[in-house]
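Notebook open, viewer loaded. I want to jot down who touches whom in this one.

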Amino acid sequence: MRRLALLALLPLAACTKAPTGTAPHQIHIAGSSAGFLLSTEVAERLMRENPDVLAPLVRAGGTGEGIARFCDKDNPTRPDILITTREMTADEQARCAANGSSDVEQKAIGTTAVVLVEAKGGPSLPGLTRIDVAKALTSNARTWADVRPGLPTIPIAIHGPTPTPGIADTLYGPILQDGQTVRTDRAYTGHGADAGRVAQLVAENPGTVGIVPLAALARPNDLEKIGVSGSRHGSERPGIDVPVKGALALPLLMIDRSGDVARVPGLKRLFGYYDDALRQPREDIYRARAVP
């Protein structure tokens, strides 16, 4: 199946704290925006508890972009850890090996999701399914009623990630099938991987639909833009009981190099912090139900 990637950078984790000593290597964490909050959490813990280690750099440029950088030849900005929504392809693994990374490890760490959001109080699209959204994205249908009888006669207007090569795992993984092409008229508008912008546009234009990663939607500013309060857990993160039209499940994986544990200061401790974080309840961000 064709898999593409998100291409926008999210803000760095709160990594402005200066180290008390000089470390030979700064840990770089990259990959899908679905893992950004998790990676930020463990990076901040490393900063708090290990002042001798350089503050990690956390990027969320997307699965494909992260793998491409991970498989580069050794350089100061090559990622040490990837959080992705798919496994590496055979070609990607071969490129890694050719560039000196023959000890790549991949393991499943959980489940995340892509969600379809609407403006609170706007026209409702009841019972919207993945098949409906795929048809709306790839056909010449003008209204939702053209997609499926029973849906309202309102114009199709969808916002989400930019549907170009190297950008949109959130479309080509859980929603579209091999060979499907996203329409190029105004029924669909891509915005890189800027979930905040998507949420803002949906809030300002009732009747539109947004496609965003669940973890990105969990950012309070995005929730407020679409009029969502959500439930609150002990971690003060919104729950998944928000007015979304469904959650499309994706795997969440960690990719690293086994040999880096001995070479990179703080990396072993960071892996332990990931384990600790993943043992905590993740219904709020990393668990989701599938839609038909």
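Predicted model: local features only at pLDDT ≥ 70, side-chain atom pairs only at ≥ 80, totals over all residues.

On the α1 side I listed L38, S39, E41, V42, A43, R45, L46 and E49; their partners in α11 are R269, L270, Y273, Y274, D276, A277 and L278. Sorted by class, that contact comes to nine nonpolar, one polar and five charged residues.

Next, the geometry. Two packed helices are described by the angle between their axes and the distance between the axes. For α1 and α11 I got an angle of about 125° and axes 9 Å apart. That angle makes α1 oblique to α11. The crossing of α1 past α11 is right-handed.

Which residues of α1 are buried? I noted F36, L38, S39, T40, V42, A43, L46 and M47. As for what these buried residues pack against, α11 (267-279) is one of the elements, and the strands β1 (28-31), β2 (57-58), β3 (81-84) and β4 (104-117) are there too.

Last entry: P155, in the loop between α5 (144-147) and β5 (158-160). Buried or exposed? P155 has 58% relative accessibility, so I put it down as exposed, the cut-off being over 50%. Leaving out residues up to four places away in sequence, P155 touches R142, T143 and W144. T143 is 12 residues from P155 along the chain, yet their C-alpha atoms are separated by 4.2 Å.

Conventions: Residues numbered from 1 in each chain as written. Heavy atoms only, no water. Buried < 20%, exposed > 50% of the residue type's maximum accessible area, 1.4 Å probe, protein only. Helix = DSSP H or I, 4+ residues; strand = E, 2+ residues; numbered from the N terminus. Contact = heavy atoms within 4.5 Å. Axes fitted to C-alpha atoms, helices over the stretch in contact; angles between N-to-C directions. Parallel < 35°, antiparallel > 145°, perpendicular 65-115°, else oblique. Left-handed = near helix turned anticlockwise from the far one by under 90°. Nonpolar A, V, L, I, M, F, W, Y, C, P; charged D, E, K, R; others polar.
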